[in-house]
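Here's a quick tour of a protein model, with a look at its strands, its charged pairs and its aromatic rings. Have the structure open while you read.

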Amino acid sequence: RQTRGYPLLKRILDSKYMHYNESLNKTLVRDKIKNFRQGFSFIETIAYVGLLGVISIVVTNSLIQIVSTYQRARAEREVISNARLMLETLIKHASYAQEMYAPTSRFNTDTGQLSLITPLDPLPEHTSAYLDFWTDGNQLVMRRESKGQSILSSANVRVTRFRVDQIIQGLKQQAVRITLSVASTAVPSAAPITLHATAALRGNY
């Protein structure tokens, strides 16, 4: 009986041991798959974060470049517009002037001064008035004898050169050549501009 019962007990134990091994192997395989999936998800997360960071940097740099280009273009338009307006004002008053007033005019220098005797807006009981243009702290200033002084340049630009050259034409006719250089104060990278114009004084005709 003991001999017959021992093989039966051994088969039962072997069966349970095999079942235990199968369960253990399934658990180990399941854990390995789970760990692999967790590790793969972590790698994916790192990759996504890195890719998102690169895209953010590219988009940010592009936006900064676009804004910078727009600001520079707007500053350059303002420089051109203000320079043309100042030069037109200078030429218009020079064209109407009777003569240049030499004692206060400064010729042939980049910080010049133009003094005119003009029939426009004279004081009461006078037929003419003095009109002066000069630079003060990178601003172009105009002073009328009858109305005081005013600043012609805008707050966002600076006048870097105001040159006045006196020209004596035939029959002692006076003319003036004006050179005006203007740059931006708001956007230093904006391109400056230099304009030239010549006007003959009407009082000479």
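## Salt bridges and strands

Let's start with Asp110, which is partly exposed because its relative accessibility is 36% (buried means under 20% relative accessible area, exposed over 50%, partly exposed in between, with a 1.4 Å probe and protein chains only). Before going on, a word on the source: this is a predicted model, where local features need pLDDT of at least 70 and side-chain atom pairs count only at pLDDT 80 or more, while totals for chains, interfaces and linings use all residues. Residues are numbered from 1 along each chain as its sequence is written, and side-chain values use heavy atoms, with hydrogens and water left out.

What does Asp110 meet in a salt bridge? The partner is Arg163, at 3.9 Å from N to O. A salt bridge here is a side-chain nitrogen of Lys or Arg within 4 Å of a carboxyl oxygen of Asp or Glu. The pair links distant parts of the chain: Asp110 is in the loop between E1 and strand E2 (113-118), Arg163 is in strand E6 (residues 157-168), and they are 53 residues apart. Helices (H or I, at least four residues) and strands (E, at least two) are DSSP runs, numbered from the N terminus.

Arg163 is itself partly exposed, with a relative accessible area of 21%. Arg163 also forms a salt bridge with Asp165, and Asp165 counts as buried at 14% relative accessibility. Through shared partners, salt bridges join Asp110, Arg161, Arg163 and Asp165 into one network.

The structure holds six salt bridges, including these:

| Pair | Closest N to O |
|---|---|
| Lys147 and Asp121 | 3.8 Å |
| Arg163 and Asp165 | 3.2 Å |

Lys147 and Asp121 form a salt bridge that links distant parts of the chain: Lys147 sits in the loop between E4 and E5, Asp121 in the loop between E2 and strand E3 (129-136), 26 residues apart. Lys147 is exposed at 57% relative accessibility, whereas Asp121 is partly exposed at 35%.

Now for the sheet. Five strands form an open sheet in the order E1-E2-E3-E4-E5, with antiparallel pairing (two strands pair if DSSP finds at least two bridges between them). Strand E1 (99-100) and strand E5 (148-151) stand at the edges with a single partner strand each, so one side of each has no neighbour in the sheet. Strand E4 (residues 139-144) pairs with E5 over four bridges, and Arg144 stands opposite Gly148 in E5. In the whole protein there are one helix and eight strands, running α-β-β-β-β-β-β-β-β from the N terminus.

How about the rings? There is one aromatic pair (ring centres of Phe, Tyr and Trp, the last by its six-membered ring, within 6.5 Å; planes under 30 degrees apart are stacked, over 60 edge-to-face, the rest tilted). Tyr101 and Tyr130 have ring centres 5.1 Å apart and planes at 70°, so the pair is edge-to-face. Tyr101 lies in the loop between E1 and E2 and Tyr130 in strand E3, so the pair ties together parts 29 residues apart in sequence. Tyr101 is partly exposed at 28% relative accessibility, and Tyr130 is partly exposed at 37%.

Finally, buried residues make up 28% of the 205 residues in the protein.
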